[in-house]
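I opened this one up for a first look and kept notes as I went. Here they are, in the order I wrote them.

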Amino acid sequence: MKNRIKLVAGLALALLGGQPGKVGGQAADTSERGHPVGEAPKTGKPQVPAGYFLFPVAPGKPGLLAGSMGELRPNHFHGGLDIKTGGGVNQPVYASADGYISRLKQSSFGYGNVLYITHPNGLTTVYGHLNEFRGPVAAELLRRQYEKQSYEVELFLPKDQYPVKRGEVVALSGNTGGSVGPHVHWEVRDAQDRQYNPLQWGGFAEIQDHVAPTLQAFALEPLSIDARVQRVFAKAVFVPKVTPGPGKPMSWADTISCFGPVGLLVQGFDRFDNVWNRNGIQRVTMKVNGQPFYQHVIDAVPFPTGTRQVSNFVDFLYQQTQGRTLQKLWVDEGNDLPMYTTGPSKGRLTVEAGKVYNIDLTLADSYNNQTPVHLVLRGERPAYFKTRAAAVKKPVLRFEVTRNLLKAVATDPSPDSVGGNLVLVRGNRHLEIRPSYTQNGENVYLYDLRAGLPDSLRFGRITKKFDRQVMIPAGKETSYSTAHLNLLFGPETLFDNLYLSTAYRPEATGSGFWTVGSPLQPLYKTATLTLKPARAPADPARTAIYTATPKGGKAYLGGKWDDQGQITAPIRQFGSFRILTDTVAPKGSLISRAGGQLLFRVGDDLSGLAGYRLLIGGKFRLLRLEHKNSTLFTVAKDTLGPRLHGPAELRLTDQAGNERVIPLSL
């Protein structure tokens, strides 16, 4: 049995000082997420009669969508429909049903100018990226902005103060906030801010869809130390030589060898009629040997907590490194999204030796256009095997961490290297591991890190430091400290256990370059990072944490200094960080007076623009910020501000508190 670990689990624990775990075996799965097959997830989805909601842009006329509910964006699920407006702005936006305006906000980020209408059935429709609001509420917003002397205002309004009727024009479409082109973002929410797919209640005559989803690829991944796909411990991605057309059945010709718990993944997209942009697949169903096994339906996503779980819904590492977005067809650790129908296995398929599994997948959109996919798995028990490649010229030792497992690959030009042992070293303790298999002349070793972390790996003449210093368990508050930093993890910071590496490189300034984890490891909620520079800065008020890239890029993160000369800030992503001081004020210039209004170009070299004020004769005049093109501008419909005439000044402040005053003569 050459693929067995030389020392038994208990002895490995004694040598490496790890926590109880199963070395060389499958860890117990104790989570209870998911729902029995055939039983709908208990999300409390509202029942809405077909036709209750009016299409909010050009109702009754053919319309087009740029985005659908549940599309997989880089860090969130898309929460509604993106409605095209013909490439322009100022199209009328209509109330989708009777109700009252319960909330509105003006911002240069996110949804931009956004309006919320609450309806008698308890649901709220959301209209985002607007150019301007219409009706009495617009005057109220302007009054509040002058009261607060700020463009960035959010109002929560009492019930029935601003009632609206179905079909009433409530706004004009725009391109504000994080929009990358003119459109209206429209969604439906409940009182708990769950986002619902508006197409699930019968669709809209304005939006036609006779196009089924398109499959681009599928994959299989081993999910335990004993599992294999095509005899090895590695994800296998299968790409059709010719992409099947929408709705065309795809049957993979070759039987795929597997063993143990494996998970399926798919990549694909959907389209609506008459548009070429790629939208998300709304439903994926899996049957195994004709029996229901798994289903997810992206019809309801909790906001904002659930939307960031997209980084766990997909294979985030593969997406970031290979550029292919693969959706997991199982409920992974840390995923509590209410979109699944599964059995106790939660979509993990345990393949037994000698058995055949017929897998039928169905990819479907909101209009129930379907694309069937068929593949066959055959169970094949793992066995030690050896293949030889061309002669190895130099020794190699590399490793990676996937889930809780260390996968090491080693080779050596000496004749006896094939089948040699890998040695895990911790202090003066050693653990020898035999290869699980040898492929292309390279030995492959697998080890469950829950049995203890090594300091280094040794193979023949090569010794390589193991760069993960500690395991951070998911689901509990945990802190980790070194001489140069401190990290605090909340119970919901991580999706799964984290094997953390940190590094510090000092700089002559007394600051340094901190590397914390890897940006290829997603976070669910924030961690708290404290940096400990060699000496406190001369001007802490203007000094903050910045994210940094190896090529010199940087972005303001902020932070609060304590009396010990340490600075703390929340982080949403691992990566590299620096402490920098910003002493240069923002810049701005008047570039246009077209139409009797003012247009300024503004910017800041380091921390970024934080505040702006236009004073005319000492009186405040409202400005709108459009961060996408770094402009500030006045609005002709401003009836409360002073005339654009006479002596004036533009005051710009950055995140570090530096201010620049630009005198003007209007």
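What follows are my entries, one topic at a time.

**Ground rules**

I am working with a predicted model, where local features need pLDDT of at least 70, side-chain atom pairs count only at pLDDT 80 or more, and totals for chains, interfaces and linings use all residues. Residues are numbered from 1 along each chain as its sequence is written, and side-chain values use heavy atoms, with hydrogens and water left out.

**Entry: an open sheet**

I looked up a sheet of four strands, which is open and runs in the order β45-β46-β50-β49 with antiparallel pairing. I noted that strands (E, at least two residues) and helices (H or I, at least four) are DSSP runs numbered from the N terminus, and that two strands pair if DSSP finds at least two bridges between them. Which strands sit at the edges? They are β45 (587–592) and β49 (624–626), and each of these pairs on one side only. Neighbouring strands here are turned by 25° against each other on average, direction ignored; the axes are lines fitted to C-alpha atoms, and angles run from 0 to 180 degrees between N-to-C directions.

I then checked the link between β45 and β46 (residues 599–603): five bridges, antiparallel. One bridge I picked out has Ser 589 partnered with Arg 601 in β46. A reminder to myself: in a regular strand the side chains alternate between the two faces of the sheet.

**Entry: Thr 634**

I found Thr 634 in the loop between β50 (631–633) and β51 (647–654). Is Thr 634 buried or exposed? It is buried, because its relative accessible area is 5%; buried means under 20%, exposed over 50%, and partly exposed in between (1.4 Å probe, protein chains only). Its side chain has a polar contact of 2.7 Å with the side chain of Gln 597, and it also reaches the backbone nitrogen of Leu 598 at 3.0 Å. By polar contact I mean a pair of N or O atoms within 3.5 Å; within protein, one must be able to donate a hydrogen and the other to accept it, and residues adjacent in sequence count only if both atoms are side-chain atoms. Leaving aside neighbours within four places in sequence, I listed the contacts (heavy atoms within 4.5 Å). For Thr 634 they include Leu 614, Arg 621, Leu 622 and Leu 644.

Gln 309 is buried, with a relative accessible area of 1%. Its side chain makes a polar contact with the side chain of Asp 336 at 2.6 Å. Among the residues it touches beyond four places in sequence are Phe 77, Phe 495 and Tyr 524.

That took me to the aromatic pairs: I got a count of 17. Rings of Phe, Tyr and Trp (its six-membered ring) pair if their centres lie within 6.5 Å; planes under 30 degrees apart count as stacked, over 60 as edge-to-face and the rest as tilted. The rings of Tyr 52 and Phe 53 have centres 4.9 Å apart and planes at 85°, so I logged them as edge-to-face. Tyr 52 is partly exposed at 25% relative accessible area, whereas Phe 53 is buried at 6%. Phe 77 and Phe 313 are also edge-to-face, because their planes are at 65°, with ring centres 5.3 Å apart. This pair links distant parts of the chain, 236 residues apart: Phe 77 in the loop between β1 (65–67) and β2 (81–84), Phe 313 in helix α3 (residues 310–313). Both Phe 77 and Phe 313 are buried.

I also wrote down one aromatic cluster, formed by Tyr 52, Phe 53, Phe 55, Trp 186, Tyr 196, Trp 201 and Phe 204.

**Entry: strands around β2**

β1 and β2 pair antiparallel over two bridges, and Gly 67 has Asp 82 as its bridge partner in β2. Four bridges join β2 to β10 (residues 183–189), again antiparallel. There, Asp 82 has His 185 as its partner in β10.
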